Amino acid sequence: MVQLSRSLLLWRPFPYVLALICTLFILGIHMLPNMDSMLNENNTRISHVFLQSQIDYHKEIAPFARRPLTTLLIETTQSILKVKPGYAFIFVNFLLFGLSGVLIYRLSLILKATKKKGLINMMVFFTSFSILFAFFPPVFTYDEPLQYCFLLTAFMAFVRRKWFWYVIVFSLSLVARETSILLLPAFILLLPGTQNHPRKKLWPNLKKNSLIILSPIFFYGCYIVFFIYHQRLLHATHTEIASRYSCFLENIESLQNIVESVVSIFITVGPFLYFTYFYLKRKNNDAWQNSFVYAFLLTLIINTPLVFMTAFARESRLFALPLLFIWPMFMQLFDSDMKPLFIKKTYQELVSNWRMLLLLTTLTLISFLFCFVYYPSLGLGANTYFSEYLFVVIFVLSFHYCTYKFLNHRK
């Protein structure tokens, strides 16, 4: 078994094959009978009519019309391959998700991860809630796969200091989805350098490279002004901006909406924030790795309240943007925190330590009641695996907390 694992790691196509398998697995989940997915709508066949309506919706409504790239790719694919809209929608979006996974792996290697850690980082990406259930309502993914591809490519160019490609690709990420702009403050945090470059002070780097880093804003500004006036969307844009506050009111309109909003935030970024807490408790962390944690936290602080105030919090994909700083660094940052979960001695300690077992049992029972009794009673997560996923995540975090509380204490 060990020899087989080593052979797979040495097989050069393996990361691409693994990304393909993960992508097909996610597609399979969305196409299961009686699953409430955008792709099949509780059926066993692809819902071409509904997916066509989504394509049309993103062409006609002002806030989506200014993001034409995904729609352009879908319609071009449909025209070239002469296929129905549902097939084109699935082909483009799942191809982009697969490519995003590969880019996570490649970026991990650039950031000095081993091949094994890079593959695990890619698996963490594919098993993240907003990716695994990307096309289930109310996640409703559309532009994010293309945005991730552009941002990860721009990130690679940024780390390698390939400024020309950084400006081009980051500008395209803004056209794909303008929320990419929220990552720019974190990019400034990463300016002193990663392990790939000698670390320098922030201020000299900022004076030297700030215009380059911020220049995509200028190019996107030129694009959006031209697009709005050319398409005569000025009035529609004003109306959209004025109506954004109504999203916040809906997020807190009822107990059901509040619970759904809180769970949406937790299930998307909560596990990563949890392990970040334990990372920051450690001493003697590498400064360049700390920069990625701070970049994640800074983007989280900017993005989370902004989404909650101006969008529907139930659309959990909107909270995932800060994870672009964690996905390619997950094992480099949290490897030591994850190890207790995969050590035989941990489970032996669990059985022999009645306090630890009691706490874990109590937390698991509370989680079970919330995920499978209370949460569905609000009418949430019907015909999905949201409750099961939430339960597994809470169980893993509870188990880790118990090992930290009792085993570290005994040490």
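The following dialogue explains how to read several features of this predicted model.

Q: What conventions apply to the model and its numbering?
A: Residues are numbered from 1 along each chain as its sequence is written, and side-chain values use heavy atoms, with hydrogens and water left out. The model is predicted, and local features need pLDDT of at least 70, side-chain atom pairs count only at pLDDT 80 or more, and totals for chains, interfaces and linings use all residues.

Q: What span should helix H9 have, and how far apart are its end C-alpha atoms?
A: Helices are DSSP runs (H or I, at least four residues), numbered from the N terminus. The expected span is 1.5 Å times one less than the number of residues. For the 16 residues of H9 (residues 144–159) this gives 22 Å, and the end C-alpha atoms are 22 Å apart, in agreement.

Q: Is H9 mostly covered or uncovered?
A: Buried means under 20% relative accessible area, exposed over 50%, and partly exposed in between (1.4 Å probe, protein chains only). In H9, 15 of the 16 residues are buried.

Q: Where is there a cis peptide bond?
A: The cis bond joins proline 137 and proline 138, with omega about 5 degrees. Proline 138 belongs to the loop between helix H8 (129–132) and H9.

Q: How many salt bridges does a search of the whole structure find?
A: A salt bridge is a side-chain nitrogen of Lys or Arg within 4 Å of a carboxyl oxygen of Asp or Glu. The search finds 11. One of them pairs aspartate 335 with lysine 117, the closest N and O atoms being 3.6 Å apart. This pair links distant parts of the chain, since aspartate 335 is in helix H17 (residues 330–338) and lysine 117 in helix H7, 218 residues apart.

Q: What does the salt bridge between aspartate 337 and arginine 282 tie together?
A: Their side chains meet at 2.6 Å, N to O. Aspartate 337 lies in helix H17 and arginine 282 in the loop between helix H15 (255–281) and H16, so the pair ties together parts that are 55 residues apart in sequence. Aspartate 337 is buried, at 10% relative accessible area, whereas arginine 282 is partly exposed, at 27%.

Definitions and conventions
Helices (H or I, at least four residues) and strands (E, at least two) are DSSP runs, numbered from the N terminus.
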